[in-house]
Structure formats: structure tokens, C-alpha cells
Amino acid sequence: MIQGIGVSNGIAMGTALLIDKKDYVIEELEIVNVNREIMRLNKAISKSKNQLEDIKKAALKNMSKENAQIFDAHIMLLEDPELKATVEKAIKEEKKNAEYILNRTIRAYIQIFETIDAPYMRERVADIKDVGNRIINNLLDKEDMKLNQVLHKVIVVAHDLLPSDIALIDKEQVLGFVTNLGGRVSHMAIMARNLGIPTVVGVSDITSKIKSGDFLIIDGATGEVLINPENKLIQNYVKKSKKNREDIKKFKYFKDKTTKTKDGKPVKLAANIGRPHDLNSVLNNGAEGIGLYRTEFLFMDRPSLPTEEEQFQAYKIVLENMQGRAVVIRTLDIGGDKEIPYLNLGKELNPSLGYRAIRICLDKIDIFKVQLKAIVRASIYGDLKIMYPMISSVEEVRLANKILLEVKEELKAEGIPYSENFEVGIMIEIPAAAMISDILAEEVDFFSIGTNDLIQYSAAIDRMNEKISYLYSPYHPGILRLIKMVIDNGHNEGIWVGMCGEAAGEPALIPLLLGFGIDELSMGASSILPIQKRISQITMQEAKEIMEKAMKFATANEVEMYLMSMLKQ
């Protein structure tokens, strides 16, 4: 058995298809006709753009609009005038072939981006590789194997898979993915989860250990990969797979039921969404509310800012459809790895620690006010809660609330109705905020713990860096102490505390979080019913006992192994 990182649950068993994407060996050739070479380049770029438009259309049939948006970024790269001008200039000056100059330029871009320690820049490397390879393919009239052309059921094994590889897969034929590279929050992992395909990533040198035709078993939950296993092991996994399918059917029992522990303690389970069209999945999985409405998606995939009316309609639809269940709308969280080109925010050496989220809103108050007006106007259509992201100080909360008060006064003066009863809270995702959460609790109505960034910032781990992805763990004793501190401080001031990061959907963590006294867990809609079942299986007394024991361990691995053992009981 080989151990990797499980990023998309489920068991897949089948024949391996090894995709060996070797780097191009591109000849350096002298050319005579410069204009002809530039025409070749332009033709290849145009063909690449048409291909990406087709890929995006196909992607929209298989996955959410948010995941398909990656191809808009690829098209923008193709249309980047600086890239095109750089290549054309070098062709004219050096009189070398287009594929050689383009390949050299792309590699130079990648080298620059790889030296910058920021998640967004690392994602750009994957995008640049994808786009560069596509143009070179078209220049050379070569074509990579497409996963929608697979003729029999396979588990795809590759060094890495790019978004354009996954977007076109035939879901009937591709049973699973295994890659050398990748982490829990990479584009590839997110897209695989969205498609519901079992996936294991970060399996070092797996492409040198597997050949096409090998029989594989992969477990997307545990990260286990078995190559040509004995019949006894195959039978064990057949039983495990059957149990998984039966469990999925059993989860439907919990739909639309109140979430509570075995001894009757209620715990609210909510869903994370990006756009109104995510509501179908939310309602189909019985969510008791929206714990995180990521409003930045309303600002993306467009050439200019959304108007107040556009935003108002997007918020109103969600509040109305949730029929009185709480909806936590997070104010604009852009910057970092979420770039919006038309705002011209500029490049930063470390964007995750820079000009982003509430910092932008408190600087660009006109944009912030338009959004707050739209949110507050929508408050009469349901149970609204407003949440500020990336808070690090009391001053930020007070200034944001001051602007919110101005917005309410302006609406009142204009005779526009709104509810006076909505709550205002903050995300706790910066260590400084966690450390002063006792003070911050006096300023707000609730906390929501954003574990994705809290882990990244607290443990100094770039969560997009595959080389150190093994260090990124919600089980780190230091992270757990911070979470407990935030919950205790919130409760001491009489406010409720939720969690909306990826850790909220980790089944093994549930007893620990219950023991801490968490009030709400918000997650991807598909995780709600399994987590609801897990909560129903445990009493609060058991949860507290598990929590107390877990908090005595010294390492993340010890905590995880212990909590995993409790999960299997």
C-alpha cells in the first residue's frame, strides 16, 4: 500500500491509465520569414482560445460556474498583450521559431512566479503552464490525450492534472485520479470533489511505480493506493465500497431533521455558497442555514463592479429561498489569491498578507457602501447576518460598523425599508484576532472561525505549496488551542460561535468541536448529511471526554490518529 493525501471521498477500483506528460524538447531554429512566424503564433493563439471556449462550455455541464471560471483566467492569459508583444519582439530581433521563443518566455514567467511565496502566484504557475502548453501544441500540431476520449473505465494516474484536463472528462469512464503533485486545496482537488470522483494526490513518484494496465484500488478518504492487490484485499475493499454506498443512502434519513447529539444537544449545520444557483444543493441536503455566502463571486467573471441593484437581487433570492433560516453574508473578500482585474489593485510580493478583504473595503469605502446598502435592503426578506472578513483589530470592526450605521441612516432618509434586527459578526482567521477574541466579542454578535487561513497564518504554512502540504493540518495542537480559546471567549461574552472553514466538515474533528462547545458548523453542502449522522452518534459527555484526551497529545499526528480511531468505533 502507498500512502497519499485523500482529497475527494470514495473508493475506486479499476485499471490504471498512465498519462505521461513529458516536457517538450523544442528545437531552436533560424527563420527567414519573420511575418510568417508571427502569423503562425497568432493562428495558434486563436485556435487555443477557441479550444478554451469549448472546454468552458463542456465544464459548465459537469461542474459549478465557479470552477469553470478558471478557463476565463486562461483566456485572459491568451489575450495578454504583454506576453504576445514580448514573444513577437523576440521573434523579430532573434529570427528564431515561434515555439522556441514562446517556450523560453513561458519558462521565464514560471521561474519568476515560482520565486514569489504566495498562493495566488503559485496558482498562476499552473495556469501559465496550461496555456503555454496549449499554444505550443497548436504550433506543433500535436495533441495531448483528452480524458473525454477514454474508451474504457480507468483510474487516471499522472504527475499532475491541470484544470483543462479534468474539465473534459467522461464521468462514465474515469473512475478516479492519482497524482504525484497536489494538496487538499489545489484547483485539481476542488474540481475532483465537485465532480464526486475519488482522488488521491501528493503520492510521491507514483507515476514511476504504476504502469498502464495495473489494477488499482484508491481510497479518496484515507489516501490509500493499492497496486495489483491480492484477492483478499480486493474483497475487503469491495465490502468497504458497498458499505459507503449504503451509508450514502442512509444519510438521506437525516434530511430536513434537526441536528442534535445522541443526548439531544442541538448543533446547527449550515452550508457555504458562492452564488444563488448553489441553493439547489443546499436545500437538497437539508442545510439549516447559510453559514457563509462568499459574495466575492458576484464581483468576478465580469468586466466591472456589480451595481447595488444586481447585488440586492442576488442577496434577496438567497434570503427568500432559505425561508426564514439564517443567511450569513460575508462582505467582499478579494485580494490574496482572488484577483479582480478591473479594480487594478496591483501586484504584491505577499498578497495573502497584504491589501485584501476588509482592508480594501475600509479603504475603498464607496465600493463597501454600495455592497452594504444592497445587503441591508435585502434584510427584510429573511434572517440576515452580516460578517466582516480578515479582521485583525478592534479598530477595523468599529470603523466597519460606523460605515454600516451611515448606510442605515442613508436608507432611512431615502425611505427605503430594512430590518433593524440583523446580527453583525466577524471571521476569526487571523491569529491576532483569536488572541484578542475576548475583546472583539464585546463588539459583535457572533464569531465564525475560518480555519483555512487560521491554519495557514498560525503555522506559517502556504496551503497551496505541495512540498509542505503535509504540515497543513487542522489537528495541530496549537490550532486547536486557538479554536478553543475563541469559542470560550465568545461564550463568555454571550455570543454564538460558528466555523466555516474546511475543518468544519471533517468527521473525525466533530467530537472535539462538540466538546469545545461549537454552536454552528458550515461546510460544503455534500458534507452536511454525513456530519449530521456523525453528530447523532455521540453524546456531549462522550464528546467532552474525547476532547479532553485529544488536547493532551503533543503532535498533530497523535491527535489525528486518536480522533480517527474514535471515528471507527
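Helices (H or I, at least four residues) and strands (E, at least two) are taken here as DSSP runs, numbered from the N terminus. The model is a predicted one, so local features need pLDDT of at least 70 and side-chain atom pairs count only at pLDDT 80 or more, while totals for chains, interfaces and linings use all residues. Residues are numbered from 1 along each chain as its sequence is written, and side-chain values use heavy atoms, with hydrogens and water left out.

D488 and K484 form a salt bridge, with the closest N and O atoms 2.9 Å apart; the term stands for a side-chain nitrogen of Lys or Arg within 4 Å of a carboxyl oxygen of Asp or Glu. D488 comes out as partly exposed at 28% relative accessibility, and K484 is partly exposed too, at 26%. On this scale, buried means under 20% relative accessible area, exposed means over 50%, and partly exposed is in between (1.4 Å probe, protein chains only).

The structure holds 27 salt bridges. One of them pairs K240 with D219, whose closest N and O atoms are 2.7 Å apart. This pair ties together distant parts of the chain, 21 residues apart: K240 belongs to helix α10 (residues 231-251) and D219 to strand β7 (residues 215-219). K240 counts as partly exposed at 32% relative accessibility, whereas D219 counts as buried at 2%. Another salt bridge brings the side chains of D333 and R356 together at 3.5 Å, N to O. Here, too, distant parts of the chain are linked, since D333 and R356 are 23 residues apart, although both lie in the loop between β11 and α13 (358-363). D333 and R356 are both buried. Salt bridges also link K369, K373, K402, E406, E410 and E414 in a network.

Now for the barrel. Eight strands close up in the order β9-β10-β11-β12-β13-β14-β15-β16, with parallel pairing; two strands pair if DSSP finds at least two bridges between them. Neighbouring strands of this sheet are turned by 25° against each other on average, direction ignored. Axes are lines fitted to C-alpha atoms, for helices over the stretch in contact, and angles run from 0 to 180 degrees between N-to-C directions. I428 stands opposite I449 of β14. Helix α15 (residues 394-413) packs on the sheet, where the helix touches β12 (384-388) and β13 and makes an angle of about 135° with the direction of β12. Contact here means heavy atoms within 4.5 Å. Helix α21 (residues 528-536) lies across β9 (268-273) and β16 (520-523), running at about 160° to β9.

Finally, two loop residues have backbone angles worth a look. K95 is not a glycine, yet has a positive phi of about 55°. This lysine lies in the loop between α4 (81-94) and α5 (98-114), and K95 is partly exposed, with a relative accessible area of 41%. Q323, also a residue other than glycine, has a positive phi near 50°. Q323 is placed in the loop between α12 (308-321) and β11 (327-330), and is exposed, with a relative accessible area of 66%.
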